[in-house]
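Biologist: Before we start, please tie each label you use to a value and a cut-off.

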Amino acid sequence: MATVAGVDSSTQSCKVVVCDADSGAVLARGQAPHPDGTEVPPEAWWTALQQAGEGLLDHVEAVSIAGQQHGLVALDDSHRPVRDALLWNDIRSAGAADDLVAELGGPQAWLDAVGSVPVAAFTAAKLRWMADHEPGLADRVTRVMLPHDYLTWRLRGGDDVLPTTDRSDASGTGYWSAVEDRYREDLLTNAFRGRSPELPTVLAPSESAGRTASGALVAAGAGDNAAAALGLGIGDGDVVISLGTSGTAFARTSQLHTDPFVNGFADATGQFLPLVCTLNAARVLEAAATALGIPLSELDMLARQAPPGADGLVLLPYLSGERTPNLPHATGSLHGLRAETMRPAHLARAAVEGMLCNMADALDRLRVGSATPRRVLLIGGASRSAFVAETAAQIFAAAVTVPEPEEYVALGAARQAAWALRGGTEPPRWPGVATIDVPATDDGTVSAGIRSVYAQARESLYGS
């Protein structure tokens with residue numbers, strides 16, 4: 001039996017799955033935590049990968065790394081980090097992103113150049129921040145990587161090994177063009193105030209980056225959402241709503257989107273992955289449970305005691321600022337507090353509905369960009385809640401499909417590893433995942449009411 005490994009190096013942890021290369025059956029798993037914070041030593045990711053993969057990675061025939069997107073790993077001429085990596089959710093680069101957008105001529109100029117409009121998360125914005133606030137460190141940078149690039153490079157030996165990346169992750173930098181399928185060195189140099197560090201070679205989806213010390217083939221790797229799409233096996237008309245700590249809404253398309261509110265990313269198959277990202281999803285539920293003094297497992301039961309719409313109580317869920325809408329310095333806020341709504345059940349329901357209204361806005365952006373959903377798949381930790389799934393179907397005014405819980409990012413990376421191992425023009429066909437279908441509960445009237453009150457609250461503070 002040929003076996004392959006997929007790695008999900010996320011913000012919180014490193015997860016490894018080992019699969020049968022032909023059937024996709026999961027044979028073994030490993031996991032190790034990452035440090036908290038929005039800047040992390042890259043070495044910590046490598047340590048976690050070694051821990052999670054101990055006894056697993058030495059015995060597979062191919063491996064692929066999927067990782068959190070955008071993060072900045074900046075190395076010096078000795079191939080060592082000049083500082084801790086800045087993660088995607090570090091918002092100190094928000095002003096730098098605004099400056100970059102203005103310098104090129106506005107959002108449309110960026111859409112024409114690379115397919116996306118930079119926000120604080122993008123690597124280009126983080127390079128500009130470093131150039132302006134840490135110029136001494138910026139002067140030492142000779143090589144720039146993304147988190148998955150760094151781990152792929154370390155797997156292959158590091159140091160003088162030439163780094164590689166893939167289309168999906170490169171498309172989140174702000175200096176690789178999904179429009180032209182190439183780096184825009186001019187945008188990199190401008191972002192880094194005239195500096196031109198070495199960048200990883202962009203590999204094709206099924207291309208190999210090299211081998212590990214034990215001889216395993218190393219696949220190109222991918223950004224986490226592109227890997228999740230591979231793990232789910234999504235097709236035309238599928239839209240995925242991922243409710244992890246942060247939230248994403250994405251689809252696979254053959255054409256690049258050109259909406260300033262949608263990230264025009266590449267996917268891990270040679271097509272595109274239009275994506276809308278929010279900073280706040282499951283963290284909203286965790287924070288609400290903490291505020292109410294209850295375990296997260298009891299939030300559902302409490303929220304069910306309040307009616308849909310929570311009698312007008314609205315939570316704007318911007319607890320960590322927000323990426324979509326682009327409000328990096330926003331905070332969460334409660335609206336519609338009255339004696340009859342200042343109750344635990346209403347707050348619990350408002351937390352769930354606020355999180356999902358934010359994701360419904362993201363879903364609308366994909367619809368505007370012509371990614372009309374045939375099926376809405378709900379994944380991520382919060383999707384395991386039956387109440388969240390039911391409320392999602394209500395607020396989205398659409399049936400929702402909930403795949404069985406699985407590490408879909410790591411599974412997608414494993415599928416890519418099998419593709420690199422077996423070859424071919426398409427990823428190997430692995431069996432579809434088991435799902436539960438949650439029907440929409442009405443004609444959209446309840447959804448319209450809840451979302452209207454939510455929109456009024458948002459516009460009262462931040463405008464349209």
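Modeller: Alanine 288 of this predicted model lies in helix H10, residues 282-292.

Biologist: Why does alanine 288 count as buried?

Modeller: Its relative accessibility is 7%, and buried means under 20%, so alanine 288 counts as buried.

Biologist: What is alanine 288 in contact with, leaving aside its neighbours within four places in sequence?

Modeller: Leu299 and Ala351. Contact here requires heavy atoms within 4.5 Å. A C-alpha separation is another matter: for alanine 288 and leucine 347, 59 residues apart along the chain, that value is 7.5 Å.

Biologist: How do you know that aspartate 259 has no salt bridge?

Modeller: The nearest side chain of opposite charge, arginine 365, is 4.6 Å away.

Biologist: What does the side chain of aspartate 259 reach at 2.8 Å?

Modeller: The backbone nitrogen of phenylalanine 261. The limit for a polar contact is 3.5 Å, and the 2.8 Å value is within it.

Biologist: Which residues touch the most other members of the largest nonpolar core?

Modeller: Val4, Val16, Trp45, Leu49 and Phe250, out of 73 residues. Helix H14 (residues 408-422) supplies the largest share of this core, nine residues. Beyond four places in sequence, the contacts of valine 4 include Ala414, Ala417, Ala418 and Leu421.

Biologist: Which residues does the second, separate core include?

Modeller: Among its 54 residues are Leu299, Ala362, Val388 and Ala393. Leu299 is also one of the contacts of alanine 288.

How values were computed
Residues numbered from 1 in each chain as written. Predicted model: local features only at pLDDT ≥ 70, side-chain atom pairs only at ≥ 80, totals over all residues. Heavy atoms only, no water. Helix = DSSP H or I, 4+ residues; strand = E, 2+ residues; numbered from the N terminus. Buried < 20%, exposed > 50% of the residue type's maximum accessible area, 1.4 Å probe, protein only. Lys, Arg positive; Asp, Glu negative; His and termini not counted. Salt bridge = Lys/Arg side-chain N within 4 Å of Asp/Glu carboxyl O. Polar contact = N/O pair within 3.5 Å; in protein donor to acceptor, adjacent residues only side chain to side chain. Core = buried A, V, L, I, M, F, W, Y, C linked by side-chain atoms within 4.5 Å.
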